[in-house]
Amino acid sequence: MKIKFWGVRGSIPVPGAGTVKYGGNTSCVEVTGDHGECIVLDTGTGSRLLGIDLARRKPIPPIHLFISHTHWDHIQGFPFFVPCYVPGTQIEVRGPVHFAESRTLQDVFEMQMKYEFFPISNEQLSAKITYESLKETELRIGDIQIRTQFMNHPILSLGYRITQNGRTMVYTGDHEPYHNVFTDKKPAVSNAEDDLLFGDVDRTVKDANQRLVDFIRGAHLLIIDCQYTPEEYRTSRRNWGHSSWDSCLQWMREGAVERMALTHHDPMRSDEALEALLADARAAAAKEGLDPARIVLAQEGGEIHV
Ligand SMILES: [Zn+2]
Ligand SMILES: [Zn+2]
């Protein structure tokens with residue numbers, strides 16, 4: 001498989017001199033299978049450039065678009081995705097949807113193209129577009145196996161594990177470690193009563209984190225949400241739904257992951273600050289006996305072969 005990053009920024013696009021090197025577009029990853037299959041993970045603003053690139057390929061391949069979740073920074077490029085306007089193009093959109101009992105994935109995609117927000121409606125797109133709401137599941141595209149798992153984010157969010165010919169990549173989408181929200185307010189000195197109250201929650205949290213480690217286990221490439229430094233996360237970003245490099249490192253080690261690409265870069269982080277973050281993560285990795293070169297920053301336009 002060939003992985004290409006079209007958007008690596010979290011939350012909001014940040015063009016400008018400070019982000020030229022790693023890129024300012026929001027989440028979009030292209031996975032090209034060994035037989036030319038076209039899988040797209042998220043359609044943030046980076047998907048605009050991918051769409052232009054795809055439209056130049058003749059013919060445009062069938063596009064399998066998987067959405068981690070429907071926050072803006074993961075779907076906002078869709079109305080600008082050129083293949084949507086090319087008759088005969090096939091686009092299958094799959095992803096989770098909150099409040100699934102009252103709205104479908106298609107409803108959510110149509111909402112962002114309502115005329116209050118955008119001049120062209122979803123019905124005017126001339127490609128053949130289908131929508132499927134996903135939960136945790138397994139599916140196949142040719143000989144590519146795809147497994148999904150819910151991640152920890154303030155909205156239903158799926159990670160994707162993609163395997164072809166014995167090679168595996170995992171994309172977490174937005175995610176932070178599970179933790180016991182009750183103990184955030186728990187007194188420093190615990191007592192037997194607290195343990196009785198919080199004991200089961202601790203176990204549930206531990207099991208949920210273990211489930212994530214199992215999901216990423218043995219991946220040849222893990223593309224992981226790493227929006228924060230450990231300090232930012234600890235002091236002011238907990239429960240915002242994103243991770244810091246120390247927990248990424250822990251998952252890499254526990255899941256025996258071969259290579260890790262940090263992504264969903266914070267919009268406030270300049271190229272220079274991103275490289276400082278990487279240097280800290282690599283130094284910590286080296287201390288743990290991990291090869292620092294196995295950790296990289298996702299970079300707009302960058303490619304990794306898995
Ligand atoms: Zn995001
Ligand atoms: Zn999000």
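Predicted model: local features only at pLDDT ≥ 70, side-chain atom pairs only at ≥ 80, totals over all residues.
Seven strands form an open sheet with mixed pairing, and their order across it reads 6-5-4-3-2-1-14. Because strand 6 (128–133) and strand 14 (303–305) stand at the edges with a single partner strand each, one side of each is left without a neighbour in the sheet. On average, and ignoring direction, neighbouring strands here are turned by 20° against each other. In general, the strands of a sheet are held in pairs through backbone hydrogen bonds, in either a parallel or an antiparallel sense.

One such pair can be followed residue by residue. Strand 3, covering residues 38–41, runs parallel to strand 4, covering residues 63–66, and four bridges link the two. Within this pairing, Ile-39 has His-64 of strand 4 opposite it. Helix 1 (residues 47–56) packs on the sheet, where it touches strand 1 (2–7), strand 2 (28–32) and strand 3. The direction of this helix makes about 125° with that of strand 1.

Apart from neighbours within four places in sequence, Arg-282 is in contact with Pro-292 and Ile-295. Gly-10 lies 272 residues away from Arg-282 along the chain, and the C-alpha atoms of the two are separated by 21 Å.

How values were computed: Residues numbered from 1 in each chain as written. Chains lettered and ligands numbered in written order. Pairing = 2+ DSSP bridges. Axes fitted to C-alpha atoms, helices over the stretch in contact; angles between N-to-C directions. Contact = placed C-beta atoms within 7 Å.
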